[in-house]
Amino acid sequence: MKCPVCKNPDLRPTMIEELLPAMGCEKCKGSLVSLLYYRHWAENHKPESDGAPGTVTEAPADSVNALRCPKCERIMTKYRLSGTVANRLDVCPTCDESWLDGGEWELLEQLQLSDKLPSVFTDTWQRKIRKEGSERMRQDILRKAIGEADATRVESLREWLNDHPAKSTILTYLYRD
Ligand SMILES: [Zn+2]
Ligand SMILES: [Zn+2]
């Protein structure tokens, strides 16, 4: 099997984690992970912490172009990881294999997604990411229009209002002019 990114070097057996084998490229440090092995590993591995996802200091380079599965040559499907990083994972649904670019496993660990991969490959997850993205875009537009301080005020007002039992009464009052 050839590396889907560099094309040339043969992929060699490697270990991403203890008990998680993969086929890795020595040149770009990417690796092909069997999702069958992955699920087995994830079930037998205890998550290190349940805290909030860590901040990502620098996201690794992501292969932007469509990749062909090293096993069956079909185009792999790309999945966004989160609303905060642009990296996408490539998956071949036919072979049940996922391609991680060099550094993306570490990124998954930082995002605390390294044991949640199958959820990332669902429509629900992908929809959630798109929603988060458009929400952040709306907040950016507001910030540019009225400045950081007022935008923060509006956002906390909105949060307070959303949970208020008399929300519609308050809104009617505000809109009366
Ligand atoms: Zn490579
Ligand atoms: Zn394939």
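Which residues does S31 touch, not counting residues up to four places away in sequence? I began my notebook with that.

**Entry 1: ground rules.** I am reading a predicted model, where local features need pLDDT of at least 70, side-chain atom pairs count only at pLDDT 80 or more, and totals for chains, interfaces and linings use all residues. Residues are numbered from 1 along each chain as its sequence is written, chains are lettered from A and ligands numbered from 1 in the order in which they are written, and side-chain values use heavy atoms, with hydrogens and water left out.

**Entry 2: S31.** I looked up the contacts (heavy atoms within 4.5 Å). S31 touches I16, A22, M23, G24, S98, W99 and L100, leaving aside residues up to four places away in sequence. I found S31 in strand β3, residues 31–34. Strands here are DSSP runs of E with at least two residues, helices are runs of H or I with at least four, and both are numbered from the N terminus. Is S31 buried or exposed? S31 has a relative accessible area of 9%, so I noted it as buried. The scale is this: buried means under 20% relative accessible area, exposed over 50%, and partly exposed in between, with a 1.4 Å probe and protein chains only.

**Entry 3: the sheet.** I traced the strand order next. The sheet is open, has 6 strands and runs β1-β2-β3-β6-β5-β4, with antiparallel pairing. Its edge strands, β1 (12–17) and β4 (77–80), each pair on one side only. From one strand to the next, the twist averages 35°. I took axes as lines fitted to C-alpha atoms, for helices over the stretch in contact, with angles from 0 to 180 degrees between N-to-C directions. Two strands pair if DSSP finds at least two bridges between them. Strands of a sheet pair through backbone hydrogen bonds, either parallel or antiparallel.

I then went through the pairs.
- β1 and β2 (residues 20–24) are antiparallel over 5 bridges, and T14 stands opposite A22 in β2.
- β3 and β6 run antiparallel and are joined by 4 bridges, and V33 faces S98 in β6 as its opposite residue.
- β5 and β6 run antiparallel with 3 bridges, and D90 has W99 in β6 as its bridge partner.

What covers β6? I found both of its faces covered: E97 and W99 on one side, S98 and L100 on the other, are all buried. In a regular strand the side chains alternate between the two faces of the sheet. The hairpin of β5 and β6 has 4 residues between the strands, and there D96 takes a positive phi near 60°.

**Entry 4: first zinc ion.** I counted as donors N, O and S atoms within 2.8 Å of the metal (3.2 Å for Na, K and Ca); water is not among the atoms, so sites may look incomplete. The zinc ion (ligand 1) is coordinated by the SG atoms of C3, C6, C25 and C28, at 2.2 to 2.3 Å. Their spacing in sequence is C-x2-C-x18-C-x2-C. C6 lies in the segment before β1 and C28 in the loop between β2 and β3, so this pair ties together parts 22 residues apart in sequence. I saw C28 at 24% relative accessibility, which counts as partly exposed.

Entry 5: C69 sits in the loop between α1 and β4 and C95 in the loop between β5 and β6, so the pair ties together parts 26 residues apart in sequence. C69 is buried at 0% relative accessibility, whereas C95, at 22%, is partly exposed.

**Entry 6: two lysines.** K7 lies in the segment before β1 and has a positive phi near 70°. K29 lies in the loop between β2 and β3, and its phi is positive too, about 65°. I noted K7 as exposed at 57% and K29 as exposed at 58%.
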